[in-house]
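Visitor: I have a model open and a few things to ask about it. Can we go through it piece by piece?

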Amino acid sequence: MMKKEDWYFHFTTDNGHDVVWAWGREVSHKIYYTTWRPKAENIEIITKGISHEDQQEIREAIIRDLKPELDHHIKKRVRR
């Protein structure tokens with residue numbers, strides 16, 4: 001059985017800080033849907049001590065970083 005920590009991801013910010021994040025609990029089942037498009041608010045920041053404003057910027061940066069790969073997989077699923 002997988003542990004909760006097995007679903008944690010790491011992201012390095014522009015200023016070199018390592019941030020641990022996961023998909024939010026409310027969307028964890030949706031990650032397998034072919035039509036799901038993740039949004040910044042679907043990301044849960046695990047790392048403590050980050051201000052709310054910084055968390056939002058980090059979420060948006062993660063989505064920007066994932067966008068090319070997500071778009072590729074969405075196009076691939078649509079073609080099937």
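Visitor: Is T13 buried or exposed?

Guide: T13 counts as buried because its relative accessibility is 15%; buried means under 20% relative accessible area, exposed over 50%, and partly exposed in between, with a 1.4 Å probe and protein chains only. This is a predicted model, where local features need pLDDT of at least 70, side-chain atom pairs count only at pLDDT 80 or more, and totals for chains, interfaces and linings use all residues. Residues are numbered from 1 along each chain as its sequence is written, and side-chain values use heavy atoms, with hydrogens and water left out.

Visitor: Where does T13 lie?

Guide: T13 is in the loop between β1 (9-12) and β2. Strands (E, at least two residues) and helices (H or I, at least four) are DSSP runs, numbered from the N terminus.

Visitor: And what is T13 in contact with?

Guide: V19 and I58, leaving aside neighbours within four places in sequence. Contact means heavy atoms within 4.5 Å.

Visitor: Then I58. Buried or exposed?

Guide: I58 counts as buried because its relative accessibility is 10%. I58 belongs to helix α1.

Visitor: Which residues does I58 touch?

Guide: Not counting residues up to four places away in sequence, I58 touches F11, T13, V19, I45 and I50.

Visitor: What share of the protein is buried?

Guide: Buried residues are 29% of the 80 residues. Among contacts with a separation of 6 or more, 37% are between residues 24 or more positions apart.

Visitor: Where is E41 found?

Guide: E41 is in the loop between β2 (18-23) and β3 (43-45). E41 counts as exposed because its relative accessibility is 53%. Apart from residues up to four places away in sequence, E41 touches E26 and R59.

Visitor: Which residues make the negative patch on the surface?

Guide: E53, D54, E57 and E60. Patches take residues with over 30% relative accessible area and no salt bridge, joining like charges within 9 Å and nonpolar side chains (Val, Leu, Ile, Met, Phe, Trp, Tyr) within 5 Å. Lys and Arg count as positive and Asp and Glu as negative, while His and the chain ends are not counted; the place of a charge is NZ of Lys, CZ of Arg, CG of Asp or CD of Glu. E53 lies in helix α1 (residues 52-79).

Visitor: And which residues form the nonpolar patch?

Guide: W7, F9, Y32 and Y33, with about 450 Å² of accessible area together. Y32 is in the loop between β2 and β3, and Y32 is exposed, with a relative accessible area of 58%.

Definitions and conventions:
Accessible areas come from the Shrake-Rupley method with a 1.4 Å probe; for residues, only the protein chains shown count as cover. A salt bridge is a side-chain nitrogen of Lys or Arg within 4 Å of a carboxyl oxygen of Asp or Glu.
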